[in-house]
Amino acid sequence: MTETQKDRPWLIRTYAGHSTAKASNALYRGNLAKGQTGLSVAFDLPTQTGYDSDHTLARGEVGKVGVPVAHLGDMRTLFDQIPLEQMNTSMTINATAPWLLSLYIAVAEEQGADVSKLQGTVQNDIIKEYLSRGTYILPPEPSLRLITDVAAYCYTNVPKWNPMNVCSYHLQEAGATPEQELAFALATAQAVLDGLKGKVPDEDFPRLVGRISFFVNAGIRFITEMCKMRAFVDLWDEICEKRYGVTDAKFRRFRYGVQVNSLGLTEQQPENNVYRILIEMLAVTLSKKARARAVQLPAWNEALGLPRPWDQQWSMRMQQILAYETDLLEYGDLFDGNPVVDAKVEELKDGARAELANLDSMGGAIGAIKYMKSRLVDSNADRLNRIEAGETTVVGVNKFTTGEPSPLQTEDGGIMVVDPAVEQEQIDRLNAWRAERDEDAAQAALSALRAAAKSGENIMEPSIAAAKAGVTTGEWAEEMRRVFGTYRGPTGVSASVSNKTEGLDDIRDAVNAVSDRLGRRLKFLVGKPGLDGHSNGAEQIAFRARDCGMDIRYEGIRLTPEEIVSAALEDEAHVVGLSILSGSHIPLVEDLMKRMKEAGLGHIPVIVGGIIPDEDAKRLKAMGIAKVYTPKDFELNTIMSDIVTLADPAAIAAE
């Protein structure tokens, strides 16, 4: 293949956003100057879940895992001096996707852009939020309606925009097998396309099918992952042709972007993560037939905390070296006709088809949410069991654990820490915005938005009008809540004890003995305060505690400290466990411990798990936290033994 025939590289992205719109804008412009070819915006949790920065639930979460965007002014600042008509922007947003896209369109219009030329993607996949990520707001049916509203609007007004990005990334993060990842993602796509029927003329439907894209995870078993991508290509083509009658092959093309796996990144020997990220990238680039259209890589230190600009640059250079220094793009598909690959692809397709048929029998993805959630929790438990038992090797974690200290972890701990003052500054800007806007215009826009939501009118045009009138993210979402109600997704953790007892006999005996001394079954309350929806750790702790014979209570994500303390009082909990992965552990734990003391529960041991730097762990212990666990504490049975000891009256009396 000659130089002129080389394939074009995929879009090179970095998933980024933190602190403030101004700081994130500087980061974006810096990354673009370094050779990044597309933007990928990370929003903070209040923005993702539809709360303004000054809402009670937003406390401690503002600017932590992404950028806060509360109104048009924030979006304007975020893209200052970045010509949106020339960009390809991916926005990782789901429940509030119609709103954030409306703000983006409003800013593009202010820049003088031709909106019909805007290119990019809004994730807009709510089903995976119920299963794995947890940033949903509304029940499934109205959520699906909002997704289809965005798709129908974009088809007519922003035709180059991908209005829905079916996201299987978090399914793998939640423990999905390759077959489950294939089936659950494809079932989600089917639910959306079924909902789009009738929203555009029948003759235009194939073109709308062609705008659906996917966002996929690539794990460390890169041969299996590469075969999974080839299976995705085949199955999507099959579904588009047979289920939807799409005859034009270009509209059946499986178009996907990827972020390689963060689940497998380790806190122990974190420098090893660089190799993991590189190997995982190969799964989505080596095979031309299944090559990603856009790639974003995590940084080596994401198991420790937020990456710094240099860390993100290092991951971007990895992509650039593969795309521009190697000869990968000069050749056709390296795996066509390979019998080993073909056999694995067929095996994955057969497994996915069987699971898809199972989901269809339950009414599709919407009807099968509870089933899919429980299957993911079970699969993740199996994965952790294999690591704990040494059946799955993780270098530096359960094998080859002796090593030198990492020189990459410098005096700043090797991560970026968001200044706590950022939150109050954002709130001050929000208050100033509200004070300066035309209040009558904002209220009129909210009234029109409410009417559209109630009537079934497409939500996008009144949302864009509301954006221009100065409405805030929290106000937009509150209108949706008022019209459609809110939703609490299934936890996937049954309260009834399972029959999985292998390796648990000693702990079960200890639980029984301590329960006898307590005079009732050891009660363990698992809580997730704040807006963090990453529930995998909390689910697995509750799952294992249940199997060890404890009486557990786990009600899922997004609880206030007040609600957790109330549950501890009601249940007379012996131990309380908190899971917080968003970096908001200091203010949330401080609030909870104060409330525990005020409720007369200061004697109840509290344990905390999350991505918690050593210095923060010391602060938590100074607040009275009994134990702090981070990702390096992968042996769940050790944690279970700690809980038993903390609850044991005999151990307490001996202190």
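Student: Is Glu539 buried or exposed, and on what scale is that decided?

Tutor: Buried means under 20% relative accessible area, exposed means over 50%, and partly exposed lies in between, with a 1.4 Å probe and protein chains only. Glu539 is buried because its relative accessible area is 3%. A word on the source: this is a predicted model, where local features need pLDDT of at least 70, side-chain atom pairs count only at pLDDT 80 or more, and totals for chains, interfaces and linings use all residues. Residues are numbered from 1 along each chain as its sequence is written, and side-chain values use heavy atoms, with hydrogens and water left out.

Student: Which side chain does Glu539 meet in a salt bridge?

Tutor: The general idea is that a side-chain nitrogen of Lys or Arg lies within 4 Å of a carboxyl oxygen of Asp or Glu. Here the partner of Glu539 is Lys373, at 2.6 Å from N to O. The pair links distant parts of the chain, with Glu539 in helix H21 (residues 536-547) and Lys373 in helix H15 (residues 369-388), 166 residues apart. Helices (H or I, at least four residues) and strands (E, at least two) are DSSP runs, numbered from the N terminus. Lys373 also counts as buried, because its relative accessibility is 4%.

Student: How many salt bridges are found in the whole structure?

Tutor: The search finds 45. One of them joins Arg482 and Glu479, at 3.2 Å from N to O. Both residues lie in helix H19, three residues apart, about one turn of the helix. Arg482 counts as exposed at 55% relative accessibility, whereas Glu479 counts as buried at 3%.

Student: Where do Lys618 and Glu615 lie?

Tutor: Both are in helix H24 (residues 614-622), three residues apart, about one turn of the helix. Lys618 is exposed at 53% relative accessibility, and Glu615 is exposed at 52%. Salt bridges that share partners also join Lys523, Asp551, Arg553, Glu555, Glu570 and Asp571 into one network.

Student: Let's turn to contacts. Which residues does Val493 touch?

Tutor: Contact means heavy atoms within 4.5 Å. Not counting residues up to four places away in sequence, Val493 touches Val377, Glu539, Ala542, Phe543, Ile552 and Tyr554, so our Glu539 turns up again. Val493 is found in the loop between helix H19 (473-484) and helix H20 (505-518), and counts as buried at 14% relative accessibility.

Student: Which residues touch the most other members of the largest nonpolar core?

Tutor: A nonpolar core is a set of buried Ala, Val, Leu, Ile, Met, Phe, Trp, Tyr and Cys residues joined through side-chain atoms within 4.5 Å. The largest here has 175 residues, and Met75, Leu118, Phe214, Trp236, Phe524 and Met550 touch the most other members. Its largest share, eleven residues, comes from helix H8 (residues 178-196). Apart from this core lies another, of 26 residues, among them Ala568, Val576, Met593 and Ala617.

Student: In what order do the strands of the open sheet run?

Tutor: Two strands pair if DSSP finds at least two bridges between them. Nine strands form the open sheet in the order E5-E4-E3-E2-E1-E9-E8-E7-E6, and the pairing is parallel. Strand E5 (161-162) and strand E6 (165-167) stand at the edges, each with a single partner strand, so one side of each has no neighbour in the sheet. Strand E1 (residues 11-16) and strand E2 (residues 38-42) pair in the parallel sense over four bridges. Tyr15 stands opposite Ser40 in E2.
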